[in-house]
Every structure is written in structure tokens, then in C-alpha cells.
Amino acid sequence: MSSPEQWTHPEPREGPAATAAAPTSEQVIAGLRATSEGGPELVQLLTPEGERVENPEFDQYVADVTAQDLRSLYRDMVLVRRADREGNALQRQGQLGIWVPLLGQEAAQIGAGRAMRPTDMAFPSYREHGVAWCRGIDPKDLLGIFRGTDHGSWDSTEKRFHPYTIVIGNQVLNAAGYAMGQRFEGKVGDDDGEATMVFFGDGATSQGDVHEGFVWAAVYDAPLVFFCQNNQWAISEPTERQSRLPLYQRARGYGFPGIRVDGNDVLATLAVTRWALDQCRHGNGPVLIEAFTYRMDAHTTTDDPTRYRHSDELEAWKLKDPIERVRVNLVRHGDADQDFFDSVQADADALAADLREFCFNMPQPPTEQMFDHVYAEASPFLDAQRDEFLAYHAEFAGGEH
Amino acid sequence: MAAPVIDKSERTVATVGSLTLGKALNLGLRTAMEADPKVIVMGEDVGKLGGVFRITDGLQKDFGEHRVLDTPLAESGIIGTAVGLAVRGFRPVCEIQFDGFIFPGFDQIVSQVAKLHARTMGRVKVPLVIRVPFGGGIGAVEHHSESPESYFAHTAGLKVVSCSNAVDAYWMIQQAIQCDDPVLFFEPKRYYHSGFMKAEVDPGATPAPLFASRVLRAGNTATLVAYGPSVKVALDAATAAEEDGHSLEVIDLRSLSPLDLGPVFDSVRRTGRLVVVSEAPSESSITSEIAARVQQECFYSLEAPVLRVTGFDTPYPPAKLEEHFLPDLDRVLDAVDRSLAW
């Protein structure tokens, strides 16, 4: 653990030890250390400077990745970041009620998402726009949640991407159950086996549901990859407020492997996630991955990170940008020219323009929509309530009242 | 996923005779598991032990450990993984060991079980049954005698039922399992093994619909409405009142959400008087909902205000006091007298 004693175990002194709004200089330094060092066990294949470093254990999982594939990973990250920035802008302009930025977590999400097969199942939290992209979900399909027209419009069965789950940690148990089902159906045990991956954050690791998910997946040998994006901050609370121990080490207590990967390294994340999914499809699950990354923006557009963290920290993480290191690597090896980068940028801008256009033209949902699908089989009482409501509204039709 | 229709010709049991409520539930579960391989039973001690009340006795032996799961001891885990299994296409039947233990699972029930169908605009169904042994009268320690049904009836997206006798227990559990909506299934644990609610179960019969109330005893002096363990109290009261020349109509609600109050309205329009009986505390409850709707629908038929005989608005008391907490024959008759004297 890179943070000093006084951060993990605040001693009483003048005022509360860890006042989020006014951290002491010690706390700032501790926070910088904790958040900029992944520790010696961090799996990294691409340094922040874009150098490919060898890893005898995990190189094999990305041995097939060509320059074309790396360009494709780069493109995904740029496009997802551009869509994310557009989402932020749309909120600022009043087109969305809220936006949940993924800025800084592109490599973690694209690396993990691209490691999945179509037959695998994903259970997201609410920041997984990059994973959604990899599951073939158009960013437009995310907008309804944040504009307030629906709670998610994609077909979660067809896309194998469960609805966004907002209650922290709930989806971890749902994913454990789904993965148990894969095992009960005999879909686990060889190269063609199925697996499930569940996404959650560092804050969620304190939830009982996550603990129970670890227990259930372990005792039922469920083919489940727990993909924890440790972005260092649960709104205003640092990871040190959730755990004394590096999060990946918790897996040991449940009896399955845990691994920490550089979540800003798309190649390492791809490799480690492929390995973990591979373990699961062969029946050796579950596995915990802690993707060590950083939330570059606010928790949501309603949040103000200047109240609890220093800009120095953000500046330090900018040097570890997930996209920049891939760009540098591609340039250094002559695997991409300026035309490529220009075309990706053009695609990203087109995507954003399209998203924007779509958002501006999203229709108001039909009023009676709230009564739909509450039950699979009709409820006479609710039907009567809807009819009464519609009759009331009909009184106003065609005139001023 | 459409629920499979149970083919009566494939029944392994032709006649089963008189069963206790507990045995009827066991047989109902067994029949549902035979009819549909996607039906699985999960909960604490439901496997080898057969459940602390033995309701799942013998099921693991006959259907295997992957269909009858002895789960780790965590209710949120039971419900939360059942949601995932349902998403995968299973039809899980969860047992919550005692009423007062359901609350660790409350978050998953309210946030996921109840809302997933609406959240996905009907694309994902959650055909889950959550069995809850409920109610008091068994001399138990704290948390083992509660009646938490109103919390769930208050939650949109859930259906809530309660059986009061062996015949309903046998059919209603199968119907709940076939239902594509999540169903909270409240079982009057006091009568699991009692002779009182024992009845002839005929697997060849045509069952009443699941979400329907039923007139158990016709009468014209006043109406008694009850569900679960209180049905017996209401029936006993009707028998006792007969000696005083009062003819009480007794209605078993059976479904608590949605409420099927048509038969109640019909009855109150004839009798003009209604007493509602439940072990649950009265505040913001099933009984208050019934009182509200009856006054709205039967305002000019009422000869007296709707009266309620319920548990008190206290935590469930220690066992030596529970006989004073639970609605009994005398309190019900007293309420009937007050209604008649209004």
C-alpha cells in the first residue's frame, strides 16, 4: 500500500483528520502517491510513454494483436472519449439532466470490452459507456437515461449487456447469478465456454452485495470476472476510505485470483481480461481484476471535485493518459500516419455531431409510458389507475384550461 | 419466456388425499419442478435438511444440487443471484427462512426484482417466487413472527399473495411459479403442520385464479375479510357468531397485490359492515388500503365505518405476550359487535 499510516488511520488532531473540503498537505501528498503508483504488481504492457514492455505471463494474450488492431483500439478510445465529451457538453447546455463522464477510463473499458466475445454477458454499473460501445450499443441509446426519457433503451438480451445499474453493487449479485446459470447449463469447461463480466468501482467494493457476489461466485465456481475500475475516487471519498488493502488482494480471502492491471493501458487490460475470461470459460473462475485508473472528470456533472482533490493529482494523471500512449506507440513504430489520426478525429467529430443532432430531436416520451411494463401480466388495479389518468388528461384535449 | 402449461396427464400422483398446508406446498413445488426443468429452488438449508420447516423436504434428493441450492447465508445474495438466474432464463423459487430475515434482501427486491421489467420496457422478465413463512403464534424469539407483506404490496412491480389452506397452497405455489411477474408468496407458518388447515387436495381439479379473492363462507349480517393465518380466525369468528344469530360472510383475500376487491365490494353492498383482520400492524397497511378503497366504492352502502382488527403498531412482542398482540376470536367478535351497534 502506497499511502502512509496517517492517511489510512487518521489520528485526532485539530479538527477532523480527513476533511474532504480542506485536505492537509500530507493528505494531498499521500493522495498523489496512492493514485499515481499502481505498485510493483501492476501489469503493464504499454508505458505512459508508449513503450511496449515485455511481460512473460501476459504477452501471449495479445500476441495476435496487429498494428491494425492497435489502431482499432485507439479509434475506439478516441470515439468513446469524444462521445463522452459531447455528453458532458449536452448536459451543460441543458439538453441532458445529468451526464456521468468516463474521461480517463477509456483504456480500462475498451480493453475489457474488446476482450469479450458476443456469447459473453456483461453487467455494467452506470459509467460503462466504453463497454457499451464494445457491445455494439450506439451512444445514442445511452442518452435516454440522462435526458430522462427512459431507463435504458437497448436490448440487453440481444446485446448481452445488462441495463445500467445505479444502486451501487446490486449488479454484482445479478451477474453472479447469471454466471451460475451459465455453469448450471453446462456452458463452461472448454475453449468455447461462456463467461460473464461485471463492472463496478472502488466505492462499490464496500457494499455488502459485492462481498456476497464474491462469496456466491466462489462457492458455485461461477465463470465471472469481477472487473473493478479503481478510479481512485467514489465521488469525494478516496479508495483509502474503502480499504486498507489494495483491492485486488481481497480476492485471496475469497479463494480466487486477484490481479491489478494498469487500467490506462488498453493492451494490458485487453491481455489481463482475456486471461481472466479464459480462466472462467474453462471453469476456473471467478477472477477479480482491479483496473488501476483515474476519474479525470467529476463523478457526474453535478459534482465539484475542486472541493476534495487537488489539481496536482489530475495533472499527474494526465501524463498517464490512456489514449496518448497508444498514439505515441503507433507513431514511433510507423504504424499510423497523420492521415489516420486525422480520419479518426473526423470520425469522432461526426459521431459527436450525430449524437448532438439526435439528442436535440429526442421526442418527449408519451405520458402513459410510465404505466407500461410495470407488470408482465396485467394488473387490474394499475390498468384502472391508468385509465382514470388518461380520462383526466382527455378533459384537457383541444383547449386551454 | 412463457410459462409452460402443466400437463395433467403426466402427473405422477393421481390422488393425494388430505394434506397439511406444508405437505401441499411440498407437493406443489415438486409438481412445478417436474413440469419445468428451469424451475429451481434456492435458500438456506432447503437442500439436505429440507428447509427448517421441511417444506422442500426430499426435493434435493430427487432433483439434484443444481436444482435445489443450499445457498450461503445471505438474503441479498439469494435474491440478487436469483435475479441473474431469472435473466438467464431460470425460474427461481427463493425461500426466505423467516419473515424477519427478508430485510437484507429488501434492496434487491425493491431495486432490481420489482423494477427490471419496467426498466427494460418489458424486454426482461423476472419470474421469481420469493417464499416467506410469515406470522406469529409459534412462541418464537424476535424476528421470527413478523408480517412484512405491506412493504411489498406498496412496491410497484411486485405481486403479493398469501395462502390460507392446503388446497390453495398446492395450487397457488404452482401458479406463482408460472407467473411471469415476481411474486412474494406469504405462507402462514403457524399452520404448516397443523390439522386445522388440512384439506383434500385433488390434482385433477381446476384451480381458482391466483390473483383472486374468494368467498369462503356466505353471510349477510357483516363481512369479514382476512388473509393468511387470519383466515382461520375469521372463520372461527363466523362460526361463533352464528350462535348469536349473526351470519358473517368471510372472504379470503388470497392476493394482496393486486387486491381483488370486487367480491368485497359486492359483499359490503349487501351487509353494509366490514371488519378486516390481519396480524400486521395497522398503519399504512393492507388493511388500511382495504378500508380506503371500500369507503370509496361503497360509501352509501356502509352502515358503519370499516373496522380493523390487527397487530398493534409495536415491534412484534416477546412470545409470552403475543396472544394479546395477535387478532383472536374475541377481538374479531368485539369488532363485529361494535360495527353492528354503530
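I looked up both faces of strand β7(A) and found them covered, with A:Val287, A:Ile289 and A:Ala291 buried on one side and A:Leu288, A:Glu290 and A:Phe292 buried on the other. I call a residue buried if 20 or more other C-beta atoms, placed from the backbone, lie within 10 Å of its own. The strand, residues 287–292 of chain A, has 6 of its 6 residues buried. I noted that side chains in a regular strand alternate between the two faces of the sheet.

The model is predicted, and I kept in mind that local features need pLDDT of at least 70 and side-chain atom pairs pLDDT 80 or more, while totals for chains, interfaces and linings use all residues. Residues are numbered from 1 along each chain as its sequence is written, and chains are lettered from A and ligands numbered from 1 in the order written.

Next I looked up the partners of β7(A), where strands pair if DSSP finds at least two bridges between them. Strand β3 (residues 224–230) of chain A pairs with β7(A) in the parallel sense over 6 bridges, and A:Gln229 stands opposite A:Ala291. Strand β6 (residues 258–262) of chain A also pairs with β7(A) in the parallel sense, over 5 bridges, and A:Gly258 stands opposite A:Leu288.

Helices here are DSSP runs (H or I) of at least four residues, and strands are runs (E) of at least two, numbered from the N terminus.

Last, I looked up the contact between the chains, counting residues whose C-beta atoms, placed from the backbone, lie within 7 Å. Chain A gives 33 residues and chain B gives 34, and the largest share of chain A's side, 10 residues, comes from α8(A).

Terms used:
Contact = placed C-beta atoms within 7 Å. Buried ≥ 20, exposed ≤ 12 C-beta atoms within 10 Å, placed from the backbone.
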